[in-house]
Amino acid sequence: MNPYILATLLFGLGLGTTMTFASSHWLLAWMGLEMNTLAIIPLMAQHHHPRAVEATTKYFLTQAAAAATLLFASVTNAWLTGQWEIQQVTHPLPSTMITLALALKIGLAPLHAWLPEVLQGLNLTTGLILSTWQKLAPFALILQLQPSNSTLLIILGLMSTLVGGWGGLNQTQLRKILAYSSIAHLGWMILILQFSPSITLLTLLTYFIMTFSTFLVFKLNNSTNINALATSWVKAPALTALTPFILLSLGGLPPLTGFMPKWLILQELTKQGLAPTATLAALSALLSLYFYLRLSYAMTLTISPNNLTGTTPWRLPSTQSTYPLAASTTMTICLLPLTPSISALLTS
């Protein structure tokens, strides 16, 4: 892609997200979301592959439906209450519609069906943008909504953690596995949203760091399915030895960074008297842990059964910069000891 066009599209992505962040009026927030969607569509379809075009079409239709619902709900709220302010959604009808529209935008269950299919059709770089940056603007709006529909948020959160765990069990495509991982992590964030928005933001940031590391590892190895992971030892042995730590951090195992948000969320849910909800969320994390262990096993303890037809990608030296991957991997593995300091910051 022409670098000037790429810079323009990335600028549009940043501008759309910033506009949503800075707006207190529903129309401006909606405009920022639309700019975000329109800026990423050329990035998704840039390879002109039929699967990429299909994924782009699905993404556009889904986001257009969510944006139309959001606009209708905000107009309904203005009609019922006379308020266009984002933080003045007091009527339960527009509040529920807006929550469901934003859930569709980020891919929460049961409105998640588009996310694995769309992510499967993209290359890993665009998939990384879709899994991280595109979540920021809708989350900014969800955080500003008054928690008037707490039961809906808990239902969405629990369904997302369960669907994210169950859906990834029988997948062999890495991008679909990462999509279900995204759904499960979003479920944890939504569960705790109404009780502690600061923990939600911490979970979102931690998820971004871990997902960034995972996508960069797969991109460096040029892997898109589980079988291709078996050639990783020959390509990058040191990175292959570290990758299980990244995957297990995504699963939330101590003593890795991914344990910190799950620990804080379970603690807060228990404090709020929601011990059954916390128990169900913790059990659903075991489902996700299974497919992370499966990826770790395929990557480190198996040998590729046959050579890739006509190519030997492990013999080609990589030209990609590894500094971002080194920084994000270090944070993914080593940040758990900072938990007491982060807890003190969250409670102050």
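Student: Is the crossing in which α3 passes α4 left-handed or right-handed?
Tutor: In this predicted model, α3 passes α4 in a left-handed crossing.

Student: What angle do the axes of α3 and α4 make where they cross?
Tutor: The axis of α3, which covers residues 50-81, crosses that of α4 at roughly 165°. The two axes come within 8 Å.

Student: Are α3 and α4 roughly parallel or roughly antiparallel, then?
Tutor: They are roughly antiparallel, because an angle over 145 degrees counts as such.

Student: Why give an angle and a distance together?
Tutor: Two packed helices are described by the angle between their axes and by the distance between those axes.

Student: Which residues of α3 meet α4?
Tutor: The α3 side includes T62, Q63, A66, L70, F72, A73 and L80. Among the residues they meet in α4 are L93, P94, M97, I98 and K105.

Student: How many residues of that contact are nonpolar, polar and charged?
Tutor: The contact of α3 with α4 has 13 nonpolar residues, 5 polar ones and 1 charged one.

Student: Changing topic: where is A109?
Tutor: A109 is in the loop that runs between α4 (92-106) and α5 (114-120).

Student: Is A109 buried or exposed?
Tutor: A109 counts as buried because its relative accessibility is 0%, and the cut-off for buried is under 20%.

Student: What is A109 in contact with, leaving aside its neighbours within four places in sequence?
Tutor: With those neighbours left aside, A109 is in contact with L156, M159, S160, V163 and I183.

Student: Which helix holds T161?
Tutor: T161 lies in α8, which spans residues 150-167. T161 is buried, with a relative accessible area of 1%.

Student: What does the side chain of T161 make a polar contact with?
Tutor: The partner is the side chain of S284, at 3.5 Å. Apart from neighbours within four places in sequence, T161 is in contact with A184, G187, W188 and S284.

Student: One more: where does S328 lie?
Tutor: S328 belongs to helix α15, residues 323-334. At 3% relative accessibility, S328 counts as buried.

Student: What is S328 in contact with, its neighbours within four places in sequence left aside?
Tutor: S328 is in contact with I209, F212 and S213. For F212 and S328, the C-alpha atoms are separated by 7.0 Å, while the residues are 116 apart along the chain.

Note on methods:
Residues numbered from 1 in each chain as written. Predicted model: local features only at pLDDT ≥ 70, side-chain atom pairs only at ≥ 80, totals over all residues. Heavy atoms only, no water. Helix = DSSP H or I, 4+ residues; strand = E, 2+ residues; numbered from the N terminus. Buried < 20%, exposed > 50% of the residue type's maximum accessible area, 1.4 Å probe, protein only. Contact = heavy atoms within 4.5 Å. Axes fitted to C-alpha atoms, helices over the stretch in contact; angles between N-to-C directions. Parallel < 35°, antiparallel > 145°, perpendicular 65-115°, else oblique. Left-handed = near helix turned anticlockwise from the far one by under 90°. Nonpolar A, V, L, I, M, F, W, Y, C, P; charged D, E, K, R; others polar. Polar contact = N/O pair within 3.5 Å; in protein donor to acceptor, adjacent residues only side chain to side chain.
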